[in-house]
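Dear colleague,

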Amino acid sequence: MLATDYPGSLLWFDTIRGIGFGFRKELLLPSSSSFVQFANLQTGVLPETLGRMPKGQQAMTLLELMTIRAFHSKILRCCSLGTAIGFRIKKGVLTDIPAILVFVSRKVDKQWLSPIQCLPTALEGPGGVWCDVDVVEFSYFGAPEPAPKEQLYTEIVDDLRGGDPLIGSGSQVANQETYGTLGAIVKSQTGSRQVGFLTNGHVAVDLDYPNQKMFHPLPPTLGPGVYLGAVERATSFITDDLWYGIFSGINPETFVRADGAFIPFADDFDMSTVITSVKGVGEIGDVKVIDLQYPIGSLIGKQVMKVGRSSGLTSGTVLAYALEYNDEKGICFLTDFLVVGENQQCFDLEGDSGSLIIMKGENGEKTRPIGIIWGGTANRGRLKLKVGQQPENWTSGVDLGRLLNLLELDIIVTEEGLKEAVQEQRGALAAAIASTVGDSLNPRNVFF
């Protein structure tokens, strides 16, 4: 592993190598913990709740559910492919019952399981706070059906791939090796307050091309395209305590996928071609911050949409938050959002990485972005949510509010805001130039 591969650090003018997403089929016992509160789990026995319900307070917030999962993380990691925070699912339909979702490779009737293989129906955490446990089947069911041509080749997709004279959220961006989707127009909180765009780190960063130049729709060597700018800073992973403000389990090697990159627009790029609205959606509101102390219903079960260069405009539902899984080395990883497409359709396709995940407005409110896509079903496995129906495709996403904070960026969501940001950048640049000229004319800096 290269030095730049280690998670938890923000890379400025640097490059990264991502780690692929996938659930393990093997079950490895994590190293023992010295935490006193986990002592009852060292023998691998869950507190017995079968046949009775806990008497304490039912968990209602994301933080409470994540705390309960952390309390039982060792044994849950041993008996599952991964876990997440969500609502209990009954016959393929989300209920309003907060639960820890436990993913297994095969779900069968408890008649065919030994007692030690059965999970309890509920788990208690510190202070007697408890929640339901729901088992969800996750397995490789073969590659998803190809998307219909009418979904791939629509007017909106053609526009995103260069058919429109304007560029904004959803537009295709590419370097010499990869292509993806522009997520949002942003400005830097530091330096000369540069205006640029946000996409995934794995879209923008390629170790074979250290300059990391980005184009729309394609690099000149591959087709028609205009130079947008070069990657200034990017990130791939960060430790869970820095991301969520809490430790999500007892494994000291726990990292969250924070897949993002900031590309300032080049000085000679025509900023009059940049728009802040989202094609097919329109104007959007400010970022919806995911506060862990909010009720779980403020996020889970909400309807979302995205616009990407491959599949255009699609809709889906936030199924879960803080999805946890392990790699073959026993390192624990988390990803923020798990989204399933509407009517069993794919929420994203290859090339949609970087697209904004936008929560639909309710009661006349504006739509608001909550995340950006970084991965999806592809050939990695799907969720079996209902007997007798095809397995669901899923999409994984990064919490946008946390990513912007990490990269020290602000999103720009209005045309007026864009104009102000461009003026601010020009002013900061002029001030920097004036300061440099002044220093050079200072007699103290003249040498004979």
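The notes below move from the overall fold to the nonpolar cores, the charged pairs and the cysteines.

Please bear in mind throughout that this is a predicted model.

Overall fold

The protein chain has eight helices and 21 strands. It comprises 448 residues, of which 53% count as buried. Taking contacts between residues at least 6 apart in sequence, 71% join residues at least 24 apart.

In soluble globular proteins, nonpolar side chains tend to be buried together. In this model the largest nonpolar core has 69 residues, and the members that touch the most others are Leu198, Trp243, Tyr244, Leu299, Tyr321 and Phe337. There is also a second, separate core of 24 residues, which includes Ile167, Phe197, Leu228 and Val274.

Tyrosine 244 belongs to helix α6 (residues 240-244). Is tyrosine 244 buried or exposed? Its relative accessibility is 6%, so tyrosine 244 counts as buried, the cut-off being under 20%. Leaving aside residues up to four places away in sequence, tyrosine 244 touches Met66, Val256, Leu292, Tyr321, Ala322, Leu334, Thr335, Asp336 and Arg402. Aspartate 336 is 92 residues from tyrosine 244 in sequence, and the two C-alpha atoms are 10.0 Å apart in space.

Charged residues

How many salt bridges does the structure hold? The count is 14.

- Arginine 233 and glutamate 232 form a salt bridge in which the closest N and O atoms are 2.2 Å apart. Both arginine 233 and glutamate 232 are buried.
- Aspartate 259 and arginine 257 meet through their side chains in a salt bridge of 2.8 Å, N to O. Aspartate 259 is buried, as is arginine 257.
- Glutamate 362 and lysine 302 form a salt bridge, with 3.1 Å between the closest N and O atoms. This pair links distant parts of the chain, 60 residues apart: glutamate 362 is in the loop between β17 (356-359) and β18 (368-376), and lysine 302 is in the loop between β13 (254-264) and β14 (303-308). Glutamate 362 has a relative accessibility of 39% and therefore counts as partly exposed, whereas lysine 302, with a relative accessible area of 17%, is buried.
- Arg88, Asp132 and Asp134 are linked in a network of salt bridges.

Glutamate 324 also deserves a note. Glutamate 324 is placed in strand β15 (residues 312-326) and, at 4% relative accessibility, counts as buried. The side chain of glutamate 324 is joined to that of arginine 77 by a polar contact of 3.4 Å. Isoleucine 85 lies 239 residues from glutamate 324 along the chain, with 9.2 Å separating their C-alpha atoms.

Cysteines

A disulfide is a covalent bond between the sulfur atoms of two cysteines. With a cut-off of 2.5 Å between cysteine sulfur atoms, the count in this model comes to zero disulfides. Cysteine 131 has a relative accessible area of 0% and is therefore buried. Cysteine 332 is likewise buried, with a relative accessible area of 0%.

With kind regards

Notes. Residues are numbered from 1 along each chain as its sequence is written. This is a predicted model: local features need pLDDT of at least 70, side-chain atom pairs count only at pLDDT 80 or more; totals for chains, interfaces and linings use all residues. Side-chain values use heavy atoms; hydrogens and water are left out. Buried means under 20% relative accessible area, exposed over 50%, partly exposed in between (1.4 Å probe, protein chains only). A salt bridge is a side-chain nitrogen of Lys or Arg within 4 Å of a carboxyl oxygen of Asp or Glu. Helices (H or I, at least four residues) and strands (E, at least two) are DSSP runs, numbered from the N terminus. A polar contact is a pair of N or O atoms within 3.5 Å; within protein, one must be able to donate a hydrogen and the other to accept it, and residues adjacent in sequence count only if both atoms are side-chain atoms. Contact means heavy atoms within 4.5 Å. A nonpolar core is a set of buried Ala, Val, Leu, Ile, Met, Phe, Trp, Tyr and Cys residues joined through side-chain atoms within 4.5 Å.
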